[in-house]
Amino acid sequence: MRLTPPARIVIASRESKLALWQANHIQDRLQRIYPQCLVAILGMTTRGDQILDRTLNKVGGKGLFVKELEQALERGEADIAVHSMKDVPADLPAGFSLMVAGEREDARDAFVSNQFATLAELPSGAIVGTSSLRRESQLRARFPHLKVAPLRGNVETRLRKLDERQYAAIILAAAGLIRLGLAHRIRALFAPDESIPAVGQGALGIEYRAERDDLASWLMPLAHQSTMFAVLAERAFSKHLGGSCDVPLGCHAVFDGEILSLSGFVASPDGSQLIRRSLTGALTQAEELGATLAQQLMDNGATEILAALGSYPVSHSGK
């Protein structure tokens, strides 16, 4: 049966430069596949964009970046929403579906500084800016002599604060810098075993109402199967651990043919406790691998860390 091409698709997007790059990227791909379709972008400001004086874990978590976009989908103002996958909570609200679009960009964390080439060069007490507990915990574990300070705002704002010497260095996602044409600001890239990336980092996701079977079919040409399986594994890991911005955790999956290798960690915010494990399995068993890796961490001490943070996973609390 031949698929009837869409006449119009509206994309909901945050209005930051990076979010609009992502929305424009999906718009361009859809326009190429469906040249007769009108693909429009609805720019929106989310609470996550508005609240910049506190870290995400203190104001409601990364779901603040997607809630308003989901409301636009519910109201019928937009058909799809484009997200950085690392901003999408492990549990979607009822009635929504999510697909991973395209091949993943570089998932690594990037070291950015105007004075120093690597973290190892920073003197004791130097201030490093980061917006995530995940990065902070790994940084404190490796470099306890450095001072970690909160850093919020869009990519341009964070770079400006660095240039104003508020920080000796900052850590950002390499993918965002690359997509904005700012790769030249990267002084060094952290290997995944030095700083395990966030779940879904570097991948783009498209969210839509679950009953929209037409959209599911139209979006299928955007899918990249191996990237999809890698992100599924990471999200299963996070979900099994009750992942939120309150929990310093990371997970990174890489694929080689039909084999998926997965590494993950859970830590205390100060980095004094950090539990890490890795495993390998079949690409098609991605979600099972993610859940298995999470359980291995829990069996080796992560349960106590989560309990201390008040974040013991719902799926293991008897509820």
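A residue counts as partly exposed when its relative accessible area lies between the buried class, under 20%, and the exposed class, over 50%. Arg 212, at 23% relative accessibility, is therefore partly exposed. The model described here is predicted. Across the whole structure, a search finds 16 salt bridges.

**Salt bridges with partly exposed partners**

- Arg 212 is joined to Asp 214 by a salt bridge whose closest N and O atoms are 2.9 Å apart.
- Asp 214 has a relative accessible area of 30%, so this residue is likewise classed as partly exposed.
- A salt bridge also links the side chains of Arg 160 and Glu 164, with an N to O distance of 3.0 Å.
- Arg 160 is partly exposed because its relative accessibility is 39%.
- Glu 164 is placed in the partly exposed class because its relative accessibility is 43%.

- Asp 87 and Arg 14 form a salt bridge through their side chains, at 3.5 Å from N to O.
- Arg 14 belongs to strand β1 (residues 8-14), while Asp 87 sits in the loop between β3 (80-84) and β4 (96-101), so their pairing ties together parts that are 73 residues apart in sequence.
- Asp 87 and Arg 14 are both buried.
- In general, side chains of opposite charge can pair when their charged atoms come close.

**The five-stranded sheet**

- Five strands make up an open sheet with mixed pairing, in the order β2-β1-β3-β10-β4.
- The edges are taken by β2 (38-44) and β4, each of which has a single partner strand, so one side of each is left without a neighbour in the sheet.
- On average, neighbouring strands of this sheet are turned by 30° against each other, direction ignored.
- Strands of a sheet pair through backbone hydrogen bonds, in either a parallel or an antiparallel manner.
- The pairing of β1 with β2 is parallel and extends over 7 bridges.
- Leu 42 in β2 has Ala 12 standing opposite.

Definitions and conventions: Residues are numbered from 1 along each chain as its sequence is written. This is a predicted model: local features need pLDDT of at least 70, side-chain atom pairs count only at pLDDT 80 or more; totals for chains, interfaces and linings use all residues. Side-chain values use heavy atoms; hydrogens and water are left out. A salt bridge is a side-chain nitrogen of Lys or Arg within 4 Å of a carboxyl oxygen of Asp or Glu. Helices (H or I, at least four residues) and strands (E, at least two) are DSSP runs, numbered from the N terminus. Buried means under 20% relative accessible area, exposed over 50%, partly exposed in between (1.4 Å probe, protein chains only). Two strands pair if DSSP finds at least two bridges between them. Axes are lines fitted to C-alpha atoms, for helices over the stretch in contact, and angles run from 0 to 180 degrees between N-to-C directions.
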